Amino acid sequence: MSLEKILSISGKPGLYELKTQTRSGFLAESLIDGKKISVSGRHNVSLLSEIAIYTLTEEVPLGKVFSKISEKENGGPAINHKSSKDELEEYFFEVLPDYDEDRVYPSDIKKVVQWYNLLQKSGVTQFTAEDASEEE
């Protein structure tokens, strides 16, 4: 499973895997508890593969950020997302030293770390196209 099929749905906790498309929207399965939900076009949905983090020079795709966290942690879990704001910012600075501190808020960092840990716990380790080709 790659980030192409992983969704963030506003108002719903955690992440979801896109299962199938329906007439009125689509069916998604929670990575937390495995429950399936029907998502209509009214919901604000983001594909993780479409999200990027601002740096001082460019926008880095979320998959690359996850890969850097995975590299730093040797494939293991990251820092707890409930850590203090300072700890989270320090950790993120180690992962992505040139992130734009004016445009990337502590809440964004918290969400990225939380999502990484959820994906890692769910066994998702292919964060970028390069990761997928390395595993083949």
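1. Phe-92 and Tyr-99 are both buried (under 20% relative accessible area, with exposed over 50% and partly exposed in between; 1.4 Å probe, protein chains only). This is a predicted model, in which local features need pLDDT of at least 70 and side-chain atom pairs count only at pLDDT 80 or more, while totals for chains, interfaces and linings use all residues. Residues are numbered from 1 along each chain as its sequence is written, and side-chain values use heavy atoms, without hydrogens and water.

2. The whole structure holds 4 aromatic pairs (ring centres within 6.5 Å, using the six-membered ring of Trp; planes under 30 degrees apart are stacked, over 60 edge-to-face, the rest tilted). Phe-92 and Tyr-99 are edge-to-face, because their planes stand at 75 degrees, with centres 5.1 Å apart.

3. Tyr-116 and Phe-127 make a tilted pair, at 5.8 Å and 45 degrees. Tyr-116 sits in helix H3 (residues 106-121) and Phe-127 in the loop between H3 and helix H4 (129-135). Helices are DSSP runs (H or I, at least four residues), numbered from the N terminus. Tyr-116 is buried at 0% relative accessible area; Phe-127 is buried at 6%.

4. Helix H1 (residues 62-72) packs on H3 at about 70 degrees, axes 11 Å apart (lines fitted to C-alpha atoms over the stretch in contact; angles run from 0 to 180 degrees between N-to-C directions). The two are therefore roughly perpendicular (65 to 115 degrees). Contact residues (heavy atoms within 4.5 Å) include Phe-66 of H1 and Tyr-116 of H3.

Note on methods
Angles under 35 degrees count as roughly parallel, over 145 as roughly antiparallel, 65 to 115 as roughly perpendicular and the rest as oblique.
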